Amino acid sequence: MATALLILHGLVAVALLGAITHQTLAAWTPSSAHPRSFFGRFRAVQPAGYANAIVGLYVGAALLGAIVYLYFKVDVQPNLERDRHWHALGFLDLKEDFVAIGFGLLPAYWVSWRQPFADKRDRTAAPLTTILAFIVWWGFLVGHVTNNIMGFGS
Amino acid sequence: MTSSPAFRRFALAFGTAFAFIYVMARFKGLALFTVYPSLGIVLLGMHRSRDVADPVLDFLAPELFWYGWTATAILGALVIGSIAALLPAGWSHRFWPGWVWVAPVLAMMACVYLTIPWFRQ
């Protein structure tokens with residue numbers, strides 16, 4: 001059960017990672033009408049259209065992570081402590097803090113991309129998206145390394 | 001899709017307050033409840049296993065505060081966000097919208113500070 005939930009958590013996180021990365025790049029560097037490069041096409045999306053999906057994926061990933069965390073605390077953390085992986089536990093601690101803070105930002109993030117505020121080029125949209133992108137990337141990388149830590153660097 | 005100015009006030013106040021209250025809850029130990037996953041119980045308030053049992057037995061009943069801290073922040077931010085939504089529209093001009101992204105950045109920096117003990121072991 002825990003393994004299935006962890007895999008599902010990872011899959012939702014991958015979708016979230018892609019969506020928020022597209023949106024962040026589009027928010028900061030709007031593309032020209034006919035992008036020619038890969039990077040140009042990558043950022044050539046309508047960023048406001050991603051907001052609903054990102055909120056849904058973020059909530060889904062956070063809830064799945066919150067369930068998996070119960071198994072982690074009982075079955076995995078004692079082993080990491082025994083093997084003195086203090087840095088990994090510290091980074092994971094930060095992940096849970098950052099994810100919670102990001103959760104609190106979701107209503108403001110969602111509103112910042114809604115019309116008519118998005119039409120007025122709401123100045124909070126790009127910074128909020130960037131913070132969420134940082135949190136998602138942090139969560140993904142830390143989660144991935146923690147999941148593989150018994151093989152990673154040992 | 002549109003959203004009302006009242007909901008916008010709620011969202012901005014909620015995001016700012018959440019970041020602030022979460023850090024305060026983390027710093028002051030203000031968890032709404034404590035979860036003991038190995039025992040399958042939830043206790044109101046913040047309880048540490050080591051306060052009632054020998055620290056070497058801590059692994060038998062690891063406690064989880066994160067859910068409680070998050071619940072505290074949600075509750076507090078809901079109250080402040082609701083008050084902001086009920087305020088007259090003119091009041092929102094006194095609130096700099098940038099706080100909604102400055103506050104979480106500061107909160108994340110505070111969390112880094114609170115996590116330092118892990119890196120000193």
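What follows is a short exchange about a predicted model with chains A and B.

Biologist: Which helices and strands does chain B have, and in what order?

Modeller: Chain B has four helices and two strands. Along the sequence they follow the pattern α-β-β-α-α-α.

Biologist: How do you know that β1(B) and β2(B) pair?

Modeller: Pairing needs at least two bridges. Strand β1 (residues 33-36) and strand β2 (residues 41-44) of chain B have four, in the antiparallel sense. Therefore they count as paired. One bridge joins B:Thr34 to B:Leu43 in β2(B).

Biologist: What lies between the two strands of this hairpin?

Modeller: Four residues lie between them. B:Gly40, in the turn, has a positive phi of about 70°.

Biologist: Where is A:Arg84, and what is its phi?

Modeller: A:Arg84 is in the loop between α3 (51-82) and α4 (86-112) of chain A. Its phi is near 60°, a positive value in a residue other than glycine. Most residues other than glycine have a negative phi.

Biologist: How many residues does each chain bring to the contact between A and B?

Modeller: Chain B brings 37 residues and chain A brings 29. On the side of chain B, the elements that give two or more residues are α1 (5-28), α3 (66-86) and α4 (99-119). The largest share, 11 residues, comes from α4(B).

Biologist: What classes of residue make up that side of chain B?

Modeller: It has 27 nonpolar, eight polar and two charged residues.

Biologist: Which elements build the largest nonpolar core?

Modeller: That core has 62 residues. Those that touch the most other members include A:Leu16, A:Ala108, B:Tyr22 and B:Ala107. The elements giving two or more residues are α1 (2-28), α3, α4 and α5 (125-147) of chain A, with α1, α3 and α4 of chain B. The largest share, 13 residues, comes from α1(B).

Biologist: What does A:Ala108 touch, leaving aside its neighbours within four places in sequence?

Modeller: In chain A, A:Ala108 is in contact with A:Thr124 and A:Leu128. Its contacts in chain B are B:Ala11, B:Leu12, B:Phe14, B:Gly15 and B:Val100.

Biologist: How many residues does chain B have, and what share is buried?

Modeller: Chain B has 121 residues, and 32% of them are buried. To count as buried, a residue needs 20 or more C-beta neighbours within 10 Å.

Terms used. Residues are numbered from 1 along each chain as its sequence is written. Chains are lettered from A and ligands numbered from 1 in the order in which they are written. This is a predicted model: local features need pLDDT of at least 70, side-chain atom pairs count only at pLDDT 80 or more; totals for chains, interfaces and linings use all residues. Two residues are in contact if their C-beta atoms, placed from the backbone, lie within 7 Å. Ala, Val, Leu, Ile, Met, Phe, Trp, Tyr, Cys and Pro count as nonpolar, Asp, Glu, Lys and Arg as charged, and the others, Gly among them, as polar. A residue is buried if 20 or more other C-beta atoms lie within 10 Å of its own, exposed if 12 or fewer, and partly exposed in between; C-beta atoms are placed from the backbone. A nonpolar core is a set of buried Ala, Val, Leu, Ile, Met, Phe, Trp, Tyr and Cys residues joined through C-beta atoms within 7 Å.
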